Each structure stands twice: as structure tokens, then as C-alpha cells.
Amino acid sequence: MELKNVEFKAYAKDLGVLEERLSVLNPILEGVFRQVDTYYNVPLGRVKLREYDDFSSLIYYNRTDGVDAKGSDVIYYKHEKDAALGAILELQFGIKVRVSKVRKVLKYKNVSVHLDTVEGLGTFVEVEACNIGAEQGVDLKKQCDEFFELLKLKEEDLVAVSYSDLILMRNEE
């Protein structure tokens with residue numbers, strides 16, 4: 001099955017308040033993770049190596065930037081953690097940027113809510129509705145819109161780009 005994802009990201013002043021608003025759904029806590037995402041200079045889309053705890057995954061995704069909930073084409077490869085993969089990717093493509101964050105993952109049906117504290121950037125919420133685990137015919141965009149309302153977010157809080165882009169923009173200043 002092809003992985004389809006619709007997501008949005010927003011600045012969050014208080015992650016505790018957002019978690020309290022989510023509590024009405026009784027989401028499942030998948031965990032709290034310290035993640036490091038290393039992005040590489042690739043010609044198409046984005047490639048990142050995500051490392052946390054004993055886990056590692058290589059993720060390719062391609063999407064257009066924008067504040068609206070947006071779809072992504074994703075290829076996700078989970079593998080044993082091994083420094084050799086990162087070394088090969090760095091030699092072949094060069095590192096574009098690294099993003100370090102603490103991520104609390106809450107799950108409700110096929111929707112993941114990430115409460116993120118990103119080093120150097122602040123606090124954010126990401127909502128991802130995925131076709132895997134979704135009920136037949138579910139509208140992923142509509143699910144994101146419903147979470148936007150539940151969390152009582154504002155349009156001006158939405159972030160159009162990835163954390164990697166925000167860090168690169170900050171570094172250019």
C-alpha cells in the first residue's frame with residue numbers, strides 16, 4: 001500500500017494546553033522521543049535520516065510548501081541503527097541541515113499528533129492523517145481540519161515549511 005499523508009504544522013505557545021484539548025479523544029501515547037533528523041542535499045524532494053533511541057529510518061518525501069494541510073508522497077524505510085548509512089549519505093550528497101527535537105507522539109485512529117520542542121526554534125504541533133489504518137473512504141484533509149478546530153489553532157499560527165527550512169532561514173539571517 002502506498003503511504004499517503006496529509007499534514008499541517010503550527011506554532012504552539014503551550015503544548016500542555018493542546019494536549020489537554022486532545023484529551024477528549026483519549027489518544028494513545030506512543031512515546032516521547034529525542035529525534036535527530038539529518039537532511040541531505042538531494043536533487044528531488046527531501047531525504048532525511050531520522051535517528052532516535054535504538055531506531056533509525058530513512059525517509060524520502062515530496063510535497064509543496066504552504067500553510068494549508070498538504071499531501072505528501074512518502075517512502076519510509078525503517079532499519080537497524082548503523083552509522084555507516086549516515087556516512088555514505090553524507091559522502092554522496094552532503095548534509096543540508098540537522099534538526100534536533102523532542103517529540104511527544106499522540107495517536108488517535110489514523111491520525112498522529114506531534115507535540116514538538118525544536119532546538120533553536122521553539123514549540124510546535126504537527127498533525128498527520130495517514131491512509132494506513134484509516135477507515136475506507138476517509139478524507140484525510142477533513143481529518144486535519146477537524147484537529148485544527150479541536151486544537152483551537154489560528155490561521156496565523158500555521159507554518160508553511162519544514163523545520164529544516166526554518167533552521168536554514170534562521171541561519172541565513
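## Terms and model

A residue is called buried when its relative accessible area is under 20%, exposed when over 50%, and partly exposed in between (1.4 Å probe, protein chains only). Helices (H or I, at least four residues) and strands (E, at least two) are DSSP runs, numbered from the N terminus.

This is a predicted model, in which local features need pLDDT of at least 70 and side-chain atom pairs count only at pLDDT 80 or more, while totals for chains, interfaces and linings use all residues. Residues are numbered from 1 along each chain as its sequence is written, and side-chain values use heavy atoms, with hydrogens and water left out.

## Helix α1

Let's start with α1, where Leu15, Leu18 and Leu22 are buried. These residues cover an arc of only 60° around the axis (taken from the directions from the helix axis to the C-beta atoms), which puts them on the same side of α1. Their cover includes β6, β7, β8 and α3. At the start of α1, a side-chain oxygen of aspartate 14 comes within 2.9 Å of the backbone nitrogen of glycine 16.

Alanine 12 sits in the loop between β1 and α1 and is buried, with a relative accessible area of 7%. Beyond its neighbours within four places in sequence, alanine 12 has contacts (heavy atoms within 4.5 Å) with Leu18, Thr123, Phe124 and Val125.

## Helix α3

Helix α3 spans residues 140-150, and its buried residues are Leu140, Gln143, Cys144, Phe147 and Phe148. Viewed down the axis of α3, they fall within an arc of 145°, so they line one face of the helix. Just after α3, lysine 152 has a positive phi of about 55°.

Note on methods: Polar contact = N/O pair within 3.5 Å; in protein donor to acceptor, adjacent residues only side chain to side chain.
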